[in-house]
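Work through the exercises below with the sequence and coordinates open. Each task is followed by a solution in steps.

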Amino acid sequence: MSDLPTTGTTVTAADRPSPASPDPLAQEARTNRLTAAALLVVTTLALALILAGLVTSLAVGDRTARPLALADLGSQHDAGSLLLGLGLLALAAAPGLGILVTVARWLRAGDRRHALLAVLVVTLLLGGALLG
């Protein structure tokens, strides 16, 4: 039987049963799906940029591979090299983005300890990329 009053009384919010607390496994599965979706989008974008850069380079007859420093990426006058560099940069940024999506979900769930540790990992990744 129901715990709610049935005859002639008004039902208030306090009388209603509280909703069940969110299932931790369901929350983790949602976080995993969001992280996977973010990684898929970034990886697809990176692949598109790399393919566009490759096609552009081959179309203009550039068949040489040259190393490209991260600092020199903006100074490229060749569209193919610029697209290749941006694609590789997006591919390198994908793991950090995946971690940041997870951090946002952990902060929303109130799990500050794991979020802080994940932010530390992203900081180390960024520092490693900038220092070379």
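This is a predicted model: local features need pLDDT of at least 70, side-chain atom pairs count only at pLDDT 80 or more; totals for chains, interfaces and linings use all residues.

**Exercise 1. Describe the chain as a whole.**

Step 1. The protein chain has 3 helices and 0 strands, and its pattern along the sequence is α-α-α.
Step 2. Of its 132 residues, 19% count as buried.
Step 3. The accessible surface of the chain is about 9900 Å², and 69% of this belongs to carbon and sulfur atoms. Accessible areas come from the Shrake-Rupley method with a 1.4 Å probe; for residues, only the protein chains shown count as cover.
Step 4. Take contact to mean heavy atoms within 4.5 Å. Among contacts between residues at least 6 apart in sequence, 59% join residues at least 24 apart.

**Exercise 2. Is Ser81 buried or exposed, and which side chain does it join by a polar contact?**

Step 1. Ser81 belongs to helix H2, which covers residues 79–109.
Step 2. Ser81 has a relative accessible area of 14%, so Ser81 is buried.
Step 3. The side chains of Ser81 and Asp78 are joined by a polar contact of 3.2 Å. Such a contact is a pair of N or O atoms within 3.5 Å; within protein, one must be able to donate a hydrogen and the other to accept it, and residues adjacent in sequence count only if both atoms are side-chain atoms.

**Exercise 3. Find the residues that Ile50 contacts.**

Step 1. Ile50 sits in helix H1 (residues 24–59).
Step 2. With neighbours within four places in sequence left aside, Ile50 is in contact with Leu83, Leu84, Gly87, Leu88 and Leu91.
Step 3. The C-alpha atoms of Ile50 and Gly85 are 7.7 Å apart, and these residues are 35 apart along the chain.

**Exercise 4. Characterise the second largest pocket.**

Step 1. On a 1 Å grid over the protein atoms alone, a pocket is an open set of points where a 1.4 Å probe fits, with protein on both sides within 12 Å along at least five of seven lines; lining residues have an atom within 4 Å of a point.
Step 2. The second largest pocket has a volume of about 290 Å³. Of its 13 lining residues, Ala92, Ala93, Leu125, Leu126 and Ala129 are the closest to the centre. Volume here is the space filled by probe spheres set on the grid points, which are joined across faces, edges and corners.
Step 3. H2 and helix H3 (112–131) each supply at least two lining residues, and H2 gives the most, with 7.
Step 4. The lining divides into 12 nonpolar, 1 polar and no charged residues. Here Ala, Val, Leu, Ile, Met, Phe, Trp, Tyr, Cys and Pro count as nonpolar, Asp, Glu, Lys and Arg as charged, and the others, Gly among them, as polar.
Step 5. Ala93 lies in helix H2 and is partly exposed, at 44% relative accessible area.

Definitions and conventions: Residues are numbered from 1 along each chain as its sequence is written. Side-chain values use heavy atoms; hydrogens and water are left out. Helices (H or I, at least four residues) and strands (E, at least two) are DSSP runs, numbered from the N terminus. Buried means under 20% relative accessible area, exposed over 50%, partly exposed in between (1.4 Å probe, protein chains only).
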